[in-house]
Amino acid sequence: MRRLYGRRYLDLLGSIYIYNEHRGYTAIDRVLHAVRARWPDDHMLIARIEKHRADERKHYLMFRRWFERRGIMPLAVDRTCGHIDRFVRIMFGSTIDELDPLEIVARDDLFERMCRVIALTEKRGHRQVEILLRHPRVRADATLMKIFRIIEQDEPSHWAPYEDWLATHGRRQASWWERAIDRFIHGELLFLKLPILFLAPRLSRRIVWPDEEEQAEQPTACSPSMANA
Ligand SMILES: [Fe+2]
Ligand SMILES: [Fe+2]
């Protein structure tokens with residue numbers, strides 16, 4: 001029973017991570033495209049965002065290999081488990097896919113808001129990884145420990161370009177209420193969504209990998225119970 005519980009926990013954890021890593025690099029792709037269009041000569045900013053994108057893709061592939069080695073597909077969690085999805089929804093009133101990055105980079109007030117959202121999300125990710133590295137279930141999985149150690153090292157370079165942009169352009173860093181929203185989103189995932197998903201018997205597995213779906217533009221398997229989770 002305890003082993004079953006542990007396997008389910010890791011399964012869910014890996015599934016939420018693979019969703020978020022994939023969401024991360026695909027969303028950064030769109031930001032990158034817009035930043036290149038607005039500031040084509042800011043090679044430093046572009047290079048730092050490219051590095052961020054490459055890291056998130058690397059994280060995604062590490063989780064994919066972890067699942068492949070276990071011989072199972074990730075659980076079909078969707079954007080209800082995406083920290084950045086929720087944050088963008090609250091801060092911009094629309095989904096990531098509905099946002100037009102070109103419109104955001106064209107307006108400094110929107111771009112600075114986006115920088116704060118990304119920086120807070122990355123810092124949240126870093127804190128979460130530090131917690132997970134102490135978790136007994138995670139510690140029992142050597143590969144997962146290796147993955148989380150790499151993420152822990154990468155993370156500080158992920159929020160830096162956005163915080164630096166805010167500083168060099170005389171814009172404010174995240175305020176108390178933006179931090180409160182970040183905490184709320186994390187709490188909601190941890191104490192509401194995670195327990196619901198843990199107990200959801202109908203939660204199906206993905207039938208294709210997120211990056212393959214990206215290429216083929218095929219729908220994923222998604223349990224109906226997830227739609228309202
Ligand atoms: Fe990541
Ligand atoms: Fe990151």
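Where does α9 bend, and which proline follows within four residues? Select Lys193: α9 bends there by about 35 degrees, and Pro195 is the proline that follows. The bend at a residue is the angle between axes fitted to the seven residues ending there and the seven starting there.

This is a predicted model, in which local features need pLDDT of at least 70 and side-chain atom pairs count only at pLDDT 80 or more, while totals for chains, interfaces and linings use all residues. Residues are numbered from 1 along each chain as its sequence is written, chains are lettered from A and ligands numbered from 1 in the order in which they are written, and side-chain values use heavy atoms, with hydrogens and water left out.

**Stop 1: helix α9**

Select residues 176–199, which make up α9. Helices are DSSP runs (H or I, at least four residues), numbered from the N terminus. The 24 residues of α9 reach 34 Å from first C-alpha to last, close to the expected 34 Å; the expected span is 1.5 Å times one less than the number of residues.

Now colour the buried residues of α9, including Glu178, Ile181, Ile185, Leu189, Lys193 and Leu197. Buried means under 20% relative accessible area, exposed over 50%, and partly exposed in between (1.4 Å probe, protein chains only). An α-helix has 3.6 residues a turn, so residues three or four places apart point the same way. To see what covers the buried residues of α9, show α1 (2–38), α3 (83–92) and α5 (108–132), which are among the covering elements.

Within α9, pick Glu188. Glu188 counts as buried because its relative accessible area is 14%. Leaving aside neighbours within four places in sequence, Glu188 is in contact (heavy atoms within 4.5 Å) with Arg86 and Lys193.

**Stop 2: the iron ions**

Select ligand 1, an iron ion. Its coordinating residues are Glu21 (OE), Glu56 (OE) and His59 (ND1), at 2.0 to 2.3 Å. Donors are N, O and S atoms within 2.8 Å of the metal (3.2 Å for Na, K and Ca); water is not among the atoms, so sites may look incomplete. Along the chain the donors of ligand 1 follow the spacing E-x34-E-x2-H. Glu21 belongs to helix α1 and His59 to helix α2 (residues 43–70), 38 residues apart.

Are Glu21 and His59 buried or exposed? Glu21 is buried, at 6% relative accessibility, and His59 is buried at 0%.

**Stop 3**

From His59, move to Asp154. The two side chains make a polar contact at 2.8 Å. A polar contact is a pair of N or O atoms within 3.5 Å; within protein, one must be able to donate a hydrogen and the other to accept it, and residues adjacent in sequence count only if both atoms are side-chain atoms. Asp154 is buried, with a relative accessible area of 11%. Beyond four places in sequence, Asp154 is in contact with Asp55, Lys58 and His59.

Asp154 is found in helix α7, so widen the selection to residues 142–154. The 13 residues of α7 reach 19 Å from first C-alpha to last, close to the 18 Å expected. Leu144, Met145, Ile147, Phe148, Ile151 and Asp154 are buried in α7. These buried residues pack against α1, α2, α5, α6 (136–139) and α8 (156–168). At the start of α7, a side-chain oxygen of Asp141 comes to within 3.2 Å of the backbone nitrogen of Thr143.

**Stop 4: aromatic rings**

Rings of Phe, Tyr and Trp (its six-membered ring) pair if their centres lie within 6.5 Å; planes under 30 degrees apart count as stacked, over 60 as edge-to-face and the rest as tilted. The count comes to eight aromatic pairs. Select Tyr17 and Phe63, a stacked pair with 5.3 Å between centres and 25 degrees between planes. Tyr17 lies in α1 and Phe63 in α2, 46 residues apart, and both are buried.

Next, show Tyr25 and Tyr60, an edge-to-face pair at 5.7 Å and 65 degrees. Tyr25 lies in α1 and Tyr60 in α2, so the pair ties together parts 35 residues apart in sequence.

Note on methods
Helices (H or I, at least four residues) and strands (E, at least two) are DSSP runs, numbered from the N terminus.
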